[in-house]
Amino acid sequence: MTFDDLPVASVTRADVASHHAITTRLLEAVTAHRVPAVGFVNEESLLSEGVTDFARVNLLRQWLDAGLELANHTFAHLDLHETPIDRFEDDVVRGEPVLRELLRARGMTLRYFRHPYLHTGTDLALKRRLEAFLAARGCRVAPVTVDVEDYLFAQARDRALDLGRHRVARAVADAYVPHAERQFEYFEGLSRRLLGYEVPQILLLHANTINAERFDALARMLERRGYSFVTLERALADPAYAAPDEFARPHGISWLQRWALNRGLPEDFLDGEHAAPKWVRVHAGRGLEGRVMRRLDLLRCAWRRWSGAKASAA
């Protein structure tokens, strides 16, 4: 298992106390199931008013104290497809100093890198340049085979809670693990059709509130499906991951889907993936309906604040 956007990814909770609570609850569940996870860090998120906040650095220490590994996710979560390669490489380097020091203190090294948005390049020459750049820094690209869109569930739940919509928040949380299971069913089937066996899956999650609340249920679902949890290093030892990644298209998709397209299989070979429910996307603020809902919610909040201030003044 892998977690992106450390120390914490949240659209509504930016304070250190909330991040500490999220991290603590998430890691309790991760360690309870003995999951040897890797957390991918954006060092920009360690800053407060432009200065490294040691309370936020301590959130990363919690991951290491739990026996887990940390890796680079760039400094500022830049999109390779929208960033000049020189600037992107600079951001990779800027994302290393705290990580390398924390790992060095534990006798560990920085071994993995993951592209934000899984955007690995639309030009094969630049893609190879970046891979060589990363290899020279001791890092291997960390693939993903299963994406369960957990960030949408986290955003929808957090926004519902902030607006006092507790029934919506609970419905979002209850829908998360069933959606994740449908995604696993799809990618397991895709692996069997493509490779003839089920590859060791690499799951993309985020360090967010939905996983802090429901990781135990997620892990139990995977255990019921027959999964055991192994290190990223062990998963990558499967021969399928030794194949060069020739995918150079705009979308950030699963490596299983990339391998299929790289073999020249038609796009309809990939049919059957389950999108997050539309109502979850809307409550997460996605799409036209989501943006309209978000704008109306902001207007309602502004009206309540104005009405409250007017009443106090009276």
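Biologist: Which residues do ring pairs link into a cluster with Phe 3?

Modeller: The model is predicted, so local features need pLDDT of at least 70 and side-chain atom pairs 80 or more, while totals for chains, interfaces and linings use all residues. Residues are numbered from 1 along each chain as its sequence is written, and side-chain values use heavy atoms, without hydrogens and water. Rings of Phe, Tyr and Trp (its six-membered ring) pair if their centres lie within 6.5 Å; planes under 30 degrees apart are stacked, over 60 edge-to-face and the rest tilted. By this rule there are 7 aromatic pairs, and the residues linked with Phe 3 are Trp 63 and Phe 215.

Biologist: Why is the pair of Phe 3 and Trp 63 given its class?

Modeller: The ring centres are 5.5 Å apart. Their planes meet at 65 degrees, so the pair is edge-to-face.

Biologist: Is Phe 3 buried or exposed?

Modeller: Buried means under 20% relative accessible area, exposed over 50%, and partly exposed in between (1.4 Å probe, protein chains only). Phe 3 has a relative accessible area of 0%, so Phe 3 is buried.

Biologist: What class does the pair of Phe 153 and Tyr 176 fall into?

Modeller: The centres of these two rings, Phe 153 and Tyr 176, lie 5.4 Å apart. With the planes at 50 degrees, the pair is tilted.

Biologist: Which ring does the charged end of Arg 258 sit over?

Modeller: A charge sits over a ring if NZ of Lys or CZ of Arg is within 6 Å of the ring centre and within 35 degrees of the ring normal. The charged end of Arg 258 is 3.8 Å from the centre of the ring of Trp 255.
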